[in-house]
Amino acid sequence: MDFTIRAATLEDCKDISRMILELAEYEKASDQVKITQRDLEQDGFSKNPFFHGIIAEVPEHHKSREGHTKVGYSLYFYTYSSWKGRAVYMEDLYVMPEFRGKGIGKALMSKVSQLGLAAGCTQLNFTVLDWNKSSLDFYLKQGCWDVTSDLGYHCMRCEGDALEHLAQGDL
């Protein structure tokens, strides 16, 4: 299938927002999405962006049933490992269902890896749901490994009231 991978632009935020909602629905977490198109515009395309993005786009004659030519995306940002140095974190990797199995996901992941290496990163980090066997298998085929099962690390989060209390020093 003919497709291109390119850097996301401000004008892509509407489609990125659409695909974020599609991904959340697939992950059975639609109620968790709180960001808006405007948040994406501000957070990804300001002077100091919080994230970067890439888009998978097909020609008009391959558009989706709903008429979309932007059929996949990845959001990523740079982090730092106190043991290994520079790292890139892939927040999302998504391809619309009707375009899966055509190399688009692999091309998106490859591009994030290329960008990370160009920035001096030594690792690519991301999470995947434990029930998402097809994605787990895909990542393992790419040479990735499961940090949780191999090293025992757990991904932790603090948000909402707990984050506020933590910031205030409350116990």
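## A friendly tour of a predicted model

Visitor: Is Ser64 buried or exposed?
Guide: In this predicted model, Ser64 has a relative accessible area of 4%. The cut-off for buried is under 20%, so Ser64 counts as buried.

Visitor: Where does Ser64 lie, and which residues does Ser64 touch, not counting those up to four places away in sequence?
Guide: Ser64 lies in the loop between E2 and E3. Leaving out residues up to four places away in sequence, its contacts are Met96, Glu98 and Phe99.

Visitor: Which strands stand at the edges of the open sheet of five strands?
Guide: The sheet has mixed pairing and the order E1-E2-E3-E4-E5. A strand at the edge has a single partner strand, so one side is left without a neighbour in the sheet. That describes strand E1 (4–7) and strand E5 (123–125).

Visitor: In E5, what is the bridge partner of Val88?
Guide: Strand E4 covers residues 85–95 and pairs with E5 in the parallel sense, over three bridges. For Val88, the bridge partner in E5 is Leu124.

Visitor: What angle does the direction of helix H3 make with that of E4?
Guide: Helix H3 (residues 104–118) packs on the sheet and touches E1, E2, E3, E4 and E5. Its direction and that of E4 make an angle of about 160 degrees.

Methods:
Residues numbered from 1 in each chain as written. Predicted model: local features only at pLDDT ≥ 70, side-chain atom pairs only at ≥ 80, totals over all residues. Heavy atoms only, no water. Pairing = 2+ DSSP bridges. Helix = DSSP H or I, 4+ residues; strand = E, 2+ residues; numbered from the N terminus. Contact = heavy atoms within 4.5 Å. Axes fitted to C-alpha atoms, helices over the stretch in contact; angles between N-to-C directions. Buried < 20%, exposed > 50% of the residue type's maximum accessible area, 1.4 Å probe, protein only.
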